[in-house]
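The sequence and the coordinates are shown first.

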Amino acid sequence: MPFCIFENKLYCNAQNSSIYAKVESNNIFLYSSPKKEDSSKMFELPTSYFVRLLENAGDDFYYCCYKDVYGYVIKDEVVAMDGVPILPFVEANFRVYAPEGLGLYSSPLLSDSLKKTTIPYLTDNLTYYGIIKGQEAIPDKSNSWIYCKYNFDTSAYGYVYSVFCDKLPSITTNNERFNIIEKPFVNLSYPKELTSVAMGFIIVGVSLPCLIVLYLLVKPSMIKEKSTATKSKMRATRKRDYFEFDDGDLT
């Protein structure tokens, strides 16, 4: 009997890249943490519908969301598929009819310390997510609790005792199916160290463009210096020819 105290404050972002995974058998749960414990179970996922996988969460779990609630699913209990379903989740509301209102709890257990708010009589816009087994609050009645969302000033998530709920959805089978993805979120492996040969090629590849740029920058100065030196030499030669001229050479 799960008595998890969990307040979900995260919501799925439709922009996140993700993979849909199908729930193909009964008793598959969304967990509040990646632990195979009853206390971590949030609610049973509707069979034949989907969760959106977001990333790996260790060896046994995927981090995912169902509708607008984040959580975890066991990898071996869902089937990742290559496609986007038209109706991935059960979209339904239900009503509470307790005359004095019905408590919304953070766990499927009647306890004032776990009570989040009281839902007014005949509220009928509660968002349905799934069922979980909890405390049999009324003897010889059901021990089923419904995980739901109640919208008033803000959105509150939690459990209500199913005995005082009606207009529950009639869940039909979702027959959407796609090609199976065997290993979603496979991490690419990279070498930890580069070999000396690879490092040498990298150094040459990085250095060569730098040398070319440096040469192009220095080249005009070299040409100018060479031209200046040539002119100076020519002037010196002419002066030397003038001073060494001998009149005797004319006789």
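The model is predicted. In total, it holds 19 aromatic pairs. One of them joins Tyr66 and Phe89 in an edge-to-face arrangement, with 5.1 Å between centres and 75° between planes. This pair links distant parts of the chain: Tyr66 belongs to strand β5 (residues 61-66), whereas Phe89 lies in the loop between β7 (79-81) and β8 (93-96), 23 residues apart. Both Tyr66 and Phe89 are buried.

A further pair is formed by Tyr105 and Trp145, whose ring centres are 5.9 Å apart. Their planes meet at 85°, and because planes over 60 degrees apart count as edge-to-face, the pair is assigned to that class. Tyr105 is located in strand β9 (residues 102-105) and Trp145 in strand β12 (residues 144-151), so the contact ties together parts that are 40 residues apart in sequence. The relative accessible area is 9% for Tyr105, which is buried. For Trp145, also buried, the value is 0%.

Tyr66 and Phe89 also take part in one aromatic cluster, together with Phe43, Tyr129, Tyr147, Tyr157 and Tyr159.

Lysine residues lie over the faces of two rings, as listed below.

| Lysine | Ring | Distance from ring centre |
|---|---|---|
| Lys41 | Phe29 | 4.3 Å |
| Lys67 | Tyr129 | 4.9 Å |

Notes: Residues are numbered from 1 along each chain as its sequence is written. This is a predicted model: local features need pLDDT of at least 70, side-chain atom pairs count only at pLDDT 80 or more; totals for chains, interfaces and linings use all residues. Side-chain values use heavy atoms; hydrogens and water are left out. Rings of Phe, Tyr and Trp (its six-membered ring) pair if their centres lie within 6.5 Å; planes under 30 degrees apart count as stacked, over 60 as edge-to-face and the rest as tilted. Helices (H or I, at least four residues) and strands (E, at least two) are DSSP runs, numbered from the N terminus. Buried means under 20% relative accessible area, exposed over 50%, partly exposed in between (1.4 Å probe, protein chains only). A charge sits over a ring if NZ of Lys or CZ of Arg is within 6 Å of the ring centre and within 35 degrees of the ring normal.
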